[in-house]
Amino acid sequence: MTNFYDTSDMQKKERSILVGVALETSTRWDIDDSLDELAALADTAGAEVLGRVVQRRDRPDKTYYIGKGKLEDLKTAIEGLDATTVIFDDELSPAQVRNLEKFLGCKVIDRSELILDIFATHARTPQAKLQVELAQYEYLVPRLKRMWVHLSRQEGGVGAQGAIGTRGPGETQLEVDRRLVQKKITQLKRKLKEIEKQHDVQTKHRKKFFKGAFVGYTNAGKSTLMNRLSHASVYVQDQLFATLDATTRVVKIADQQEVLLTDTVGFIRKLPHHLVASFHTTLQEIIEADFLLHVVDMSHPHADEQIHAVNRVLNDLNVREKPTIMVYNKMDRVEDRRFLERLENTHGNYFVETSGRTGTGMDDLMRVIGELLAQTRQTARLKIPQTHQDIISQIYTNGRVLKREYEQNQVILEAELSPKILNYILHYDVVKLLS
Ligand SMILES: Nc1nc2c(ncn2[C@@H]2O[C@H](COP(=O)(O)OP(=O)(O)OP(=O)(O)O)[C@@H](O)[C@H]2O)c(=O)[nH]1
Ligand SMILES: [Mg+2]
């Protein structure tokens, strides 16, 4: 029962029409731009976009989301263009989908379902796959009724897969389905917990590093910058949600010092909430980071709105307080600097202009990371036996050594270290803190 969202359908180039409603409140992000983004999502999912229908309304229609007149126009367009799918820009209620499909006689999906579909095709690691599957089931729960209409046509439906006895007397098919889906959700959460535990073991030895996480709108250039800085080969594509997994690399910055950088999934406006929740394990990298690198595509006409959308997700994750470097990327495409200057004056003290494409600004980026690192450091005097060269070299790579003295077979180092690294070094019994 994993194929509710059959992605093979999408690969057959669905012929789609996009529908957007401009509500009174949606002034900042113009409806056309929102539909441009929806078209990019549809394209990434492999669907062909044949046309768009836009309606201005005070509020959505309860039954059909759009008004009756537009609905008729839409039906005519579907027939005329031989469309197979209608994609709505906003989340529809399960009842609205049911009503629309009945009236229009074709498949109706919304932005959330489209994003889920892309996630399903882009998930590569077992962890990402489990996370997507979880999100799909969570999405399914309130929509079971709709599924059931389809499934009940096949004998037994989802319930038929249950063991004998799962269908108690008086229990309807819908209840059986709901129970099975809940059971599946519990199983998936358990599997993800196990992966998270393994992940904890793997990252334990990384604790001593100062760790940064790339965040940003999808397609901003996070993976490109990560590759530039770390010589990694993270998948880069001009498509939305190219990256779904977290990749972590050690990166050497100035002063022969090292930090850990993590590249991960991008954000988008109207990101389905259950998707954020399901990606908990991946997003954990952001939650655990010491600082964030917020990458912005400066060539995008709505870079400003994208920054806000990202900040909203960061708020939800409770990480807004983390030190953040604003990385204004794709500067090779920017001619007018006025907008940039306004941004630089509004979004914090740490910022840098880069181009992942040409490589400009990489040194600046390293320098700013270095500054941030220095900000978090305190000076400590440590006494270490000379025989423990391993500990001494850890202090050199993770901190800044100001003075070095010898006392018999002991070394006394005066060094600037972040609280985290200092704590880590002090875990060694042989190390003494002098001041
Ligand atoms: N012109 C220009 N293009 C860039 C720059 N940086 C990245 N790109 C392009 O932008 C597209 C997206 O880059 P990615 O690095 O995959 O973006 P991402 O933020 O990792 O995207 P997701 O993983 O989908 O969230 C690719 O086609 C890159 O080649 C840049 O500085 N200038
Ligand atoms: Mg990426």
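Predicted model: local features only at pLDDT ≥ 70, side-chain atom pairs only at ≥ 80, totals over all residues.
Residues are numbered from 1 along each chain as its sequence is written, while chains are lettered from A and ligands numbered from 1 in the order in which they are written. Local features need pLDDT of at least 70 and side-chain atom pairs count only at pLDDT 80 or more, whereas totals for chains, interfaces and linings use all residues, and side-chain values use heavy atoms, with hydrogens and water left out.

- Strand S8 (residues 291–297) pairs with strand S9 (residues 324–329) in the parallel sense over six bridges, and Asp297 stands opposite Asn329 in S9.

**The four-stranded sheet**

- Another open sheet has four strands in the order S12-S13-S11-S14, with antiparallel pairing, and its edge strands are S12 (400–407) and S14 (432–433).
- Strand S11 (residues 378–385) and S14 run antiparallel and are joined by two bridges, and the bridge partner of Leu382 in S14 is Leu433.
- Helix H15 (residues 389–398) packs on this sheet, touching S11, S12 and strand S13 (410–417), and its direction makes about 25° with that of S13.
- Helix H16 (residues 419–426) lies across S11, S13 and S14, and runs at about 20° to S11.

**The largest pocket**

- A pocket is an open set of points, on a 1 Å grid over the protein atoms alone, with protein on both sides within 12 Å along at least five of seven lines, and its lining residues have an atom within 4 Å of a point.
- The largest pocket holds about 740 Å³ of space, a volume being the space filled by probe spheres set on the points, which are joined across faces, edges and corners.
- Its lining has 36 residues, of which Asn219, Ala220, Asp238, Asp297 and Lys330 lie nearest the centre.
- Helix H2 (31–44) and helix H9 (222–230) each supply at least two lining residues, and H2 gives the largest share, four residues.
- The lining divides into 10 nonpolar, 16 polar and 10 charged residues, where Ala, Val, Leu, Ile, Met, Phe, Trp, Tyr, Cys and Pro count as nonpolar, Asp, Glu, Lys and Arg as charged, and the others, Gly among them, as polar.

**The cavities**

- Three cavities of 30 Å³ or more are found in the whole structure, a cavity being a set of grid points where a 1.4 Å probe fits but cannot get out.
- The largest cavity holds about 70 Å³ of space, and its lining includes Phe119, Val265 and Gly266.
- That lining has eight nonpolar residues, one polar and no charged.

Methods. Pairing = 2+ DSSP bridges. Contact = heavy atoms within 4.5 Å. Axes fitted to C-alpha atoms, helices over the stretch in contact; angles between N-to-C directions.
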